[in-house]
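Please keep the sequence and the structure at hand while reading.

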Amino acid sequence: MGAANTMRTTRERLPPETTSFIGRRRELADARRQMYSGRLLTLTGPAGVGKSRLALRLARKVRRAFADGVVLVSLSDVQDPSLLPQTVNAALGGRPGPGNPAEDLVSRIRDERMLIIFDDCDHVLNAVSGLARRLLTEHVEVRIVATSRQVLGVAGELVLPVAPLSLPAEAAASEHGYGDVFADALSLFTDRAASVVPGFVLDETNRDTIGRICRRLDGMPLAIELAAAQLRDCPLDDVLHRLDDRITLLTKGQRSSRDGVLEESIGWSFGLCAAREQLLWARVSCFVGGWDLDAVRAVCADDSLAVDEIAESLDVLVSKSIVVREFDESAGTDYFRMFDSIREYGLARLCAAHQEAVMRERHAAYFHSLAERYNREVFGPEQLEWVHHMIHLHANLRHVLERDLEMPGGAVTAAATAAKLWSFWFSGNALREGYQWLLSSLEQIPEPVAERADGLGVAAFLALHLEEAEVAGPMLREAREIADRYGETALSARVDGTIGMEAMLAGRLDEAAEVLERAATGHKATGDPFGYVSATILLACLGFYRGNSGGAEAAADSLRLCETYGATWTKCYALWVVSLHRWRGGGHREATLLIQQAIRLQQLARDMAGLGVYLEVLSWCATTTDQPQRAARLMGASNALRKANGGEMGDSVYFDDYDAVAMGWARQVLGEERFRSAHDEGAGWELSEMVSYALEDRSARPESGPEVASGDGGLTPREVETALLLSAGSNGAEIARRLHIAPQAAEVEADQVLVRLGFRDREEIVGWVRRRTS
């Protein structure tokens, strides 16, 4: 259960409801009853009827009943059934573990009480059915809700057909005026109309017209929302008349199916758009999943649709509910998406205009270029923003790689693109997927070209993190042969970096040192700071394993470069290796401060695997500062995190001895029962509790550091001394000299004092000290 609890916060990140939820009380009650009476519930119905929205509302209603979280798995962008296990693992919030992805998933959620929502299953129905069958068979506490146009066909499956929204009887609205009180379709139209026309209300003057619109659209929610959005451009009566004309023309007076009604209403909305809005609608349909304004401008603009017209036209499509805008607060950026049925209509228009091939080509060219730009710029001040941006665009990257592999000669491009994204696969919880793209590309490139060498090197790097070292070795030998043939320093350095990692993990330390030094030299010569820092971090690890001073120099060098370039995520790992050497050298307080700084930064990076190894070192620090209970708790939290994330860099046999010594001491001091209790307590914490405890937050769990007088604001004696020095105007170097610590550690100590006191700058400390001393 410990590994599960650590990821619960991530699992419960259900997408926000950007509009109000209307009606569906009976369906919600039926769904809750069926979900508790069975373990698999499938919500079925035509496109646009509201299956996904109902499933999300159901998840919010019942999530407290599931101790280990609620997981939403959106499948609308997954075209390859083999990617289903990786998609579910990513939704769980952890990195993929070694071996078969499906086996990893089954193992990861063992004994957990959780709800999994498979949303939009139609195009991977068989894969979802197989995975659901296995999860339900092997995990008695797992429940599943699926949305699909058809049933999964799994034993024990309960099915709830989702009907259109309730409609008023034709006579009720005109004769009684109260017969539509329970007509959810009218409520939905009125709510959405009010968002377009402020002050819009349902009353006696418009009740009949709204009722006729909703009946004409058969109560289909998406169709009603599209109709309501038209009020931005025309009066209510015109909406009805245009809708009548459109549907009568298309159906020739015969009643249409509900799927047909949706298609007709989408076509009607298309017809009401201006020419440039229609053109943009068709062109943005070539995107899948999420996309941003820069992508639209690059892909969709030409002589017939000017760049400076894109933003305005896109805003119109958003206002008409054709495009959905979602604001990412962490990135401060708008991302856009389309419902599948609306996107499919746009694609059909693109095909009819004979523009699909051209737009697909421009779409692919843009994302190939974006991958190159990402590779150049990711090691810099916008490192975290780049990773989060690529996560938003992931479905498009996947779509482009699929297209490359289908094109004659496209495998070389696919391999080059997938290799450039190596740090995205690593940091975006997509190790297994990136590995599979590279394997699929390499199968089609038998020739010993440079792209094959790069692809082999990155595939081996990912294989090592997936604990498939037996396949990494042959890949690296071939990559080395090709690199030697080309004689390119940059290519050789990239390959050497992974060869050095493989040698280090295999225990060939002398070979690892030689190859990693060569990699670092090559990266430095070719101006690749990311490659250089990656090599020096590994050299720092190697130096720690071997106990030599060169490792400390490499660690300091890697941290210096990360700070120079502002690469926040990589800086976390640099702080980690610096702290290892500080700890070994007896600077236990400095090591603690450095690791705590890494933990603060990793919260921005959302690198849960990294947090696992940071907590491990923090546990060692606790043993050397005589805090056995804290050491046991931190190690329990570390073990749970690394288990949830399938292992990670630093999860090495070389650390086993240090773990054994630290935990042996804690066990001896506490006794077996108290030690096991503390260890299990840490393993059972949720992520926020782990972070608070690691940072010695006074509101966190017990024994979060030495007790000090409350009059000192909850600071340790060392922190009080730092505060006094800061108030006297001392800089980092002076504080380091007075406290006998490294300048870097002094800066970290000063920052921590500010955080503890809740101050924004050092000047505020002067007033705080004066108040205390007076």
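## A strand hairpin

Strands β6 (residues 324-328) and β7 (residues 333-337) run antiparallel and are joined by five bridges. The model described here is a predicted one. Within the pairing, Glu326 is placed opposite Tyr335 of β7. Four residues lie between the two strands of this hairpin, and Gly332 adopts a positive phi near 65°.

Ser321 is not a glycine, yet its phi is positive, near 65°. Ser321 counts as partly exposed because its relative accessibility is 23%.

Helix α17 covers residues 340-352.

Helix α18 has 22 residues. From its first C-alpha to its last, α18 reaches 31 Å, close to the 32 Å expected at 1.5 Å a residue. Buried residues of α18 include Met359, Arg360, His363, Ala364 and Tyr366. Phe367, His368, Leu370, Ala371 and Tyr374 of α18 are also buried.

## The second largest pocket

The second largest pocket holds about 1,000 Å³ of space. Its lining is made up of 39 residues, and those nearest its centre are Asn375, Trp422, Arg494, Asp528 and Gly531. Several helices give two or more residues to this lining, among them α18 (356-377), α21 (410-420), α22 (422-427) and α24 (450-465). The others that do so are α26 (489-505), α28 (529-546) and α30 (568-584).

What classes of residue line this pocket? The lining has 20 nonpolar, 11 polar and eight charged residues.

## Aromatic pairs

Across the whole structure, a search finds 29 aromatic pairs. In one of them, the ring centres of Phe426 and Phe461 are 5.9 Å apart and the planes meet at 50°, so the pair is tilted. This pair links distant parts of the chain, with Phe426 in helix α22 and Phe461 in helix α24, 35 residues apart. Phe426 is buried, with a relative accessible area of 5%, and Phe461 is buried as well, at 12%.

The rings of Tyr573 and Tyr614 also have their centres 5.9 Å apart, but their planes stand at 65°, so this pair is edge-to-face. Here too distant parts of the chain are linked: Tyr573 is in helix α30 and Tyr614 in helix α32 (residues 608-624), 41 residues apart. Both Tyr573 and Tyr614 are buried.

## Contacts across the chain

Leu431 is part of helix α23 (residues 431-443). Is Leu431 buried or exposed? With a relative accessible area of 1%, Leu431 is buried. Leu431 and His465 are 34 residues apart along the chain, and their C-alpha atoms are separated by 7.9 Å.

Gln603 lies in helix α31 (residues 588-605). Its relative accessible area is 41%, which means that Gln603 is partly exposed. Between Gln603 and Val691 there are 8.6 Å from C-alpha to C-alpha, although the two are 88 residues apart along the chain.

Where does Arg24 lie? Arg24 is in the loop between α2 (8-11) and α3 (25-37). Arg24 has a positive phi of about 65°, although it is not a glycine. Residues under 20% relative accessible area count as buried, and Arg24, at 4%, therefore counts as buried.

Terms used. Residues are numbered from 1 along each chain as its sequence is written. This is a predicted model: local features need pLDDT of at least 70, side-chain atom pairs count only at pLDDT 80 or more; totals for chains, interfaces and linings use all residues. Side-chain values use heavy atoms; hydrogens and water are left out. Two strands pair if DSSP finds at least two bridges between them. On a 1 Å grid over the protein atoms alone, a cavity is a set of points where a 1.4 Å probe fits but cannot get out, and a pocket is an open set with protein on both sides within 12 Å along at least five of seven lines; lining residues have an atom within 4 Å of a point. Grid points are joined across faces, edges and corners, and a volume is the space filled by probe spheres set on the points. Ala, Val, Leu, Ile, Met, Phe, Trp, Tyr, Cys and Pro count as nonpolar, Asp, Glu, Lys and Arg as charged, and the others, Gly among them, as polar. The expected span of a helix is 1.5 Å times one less than its number of residues. Rings of Phe, Tyr and Trp (its six-membered ring) pair if their centres lie within 6.5 Å; planes under 30 degrees apart count as stacked, over 60 as edge-to-face and the rest as tilted. Buried means under 20% relative accessible area, exposed over 50%, partly exposed in between (1.4 Å probe, protein chains only).
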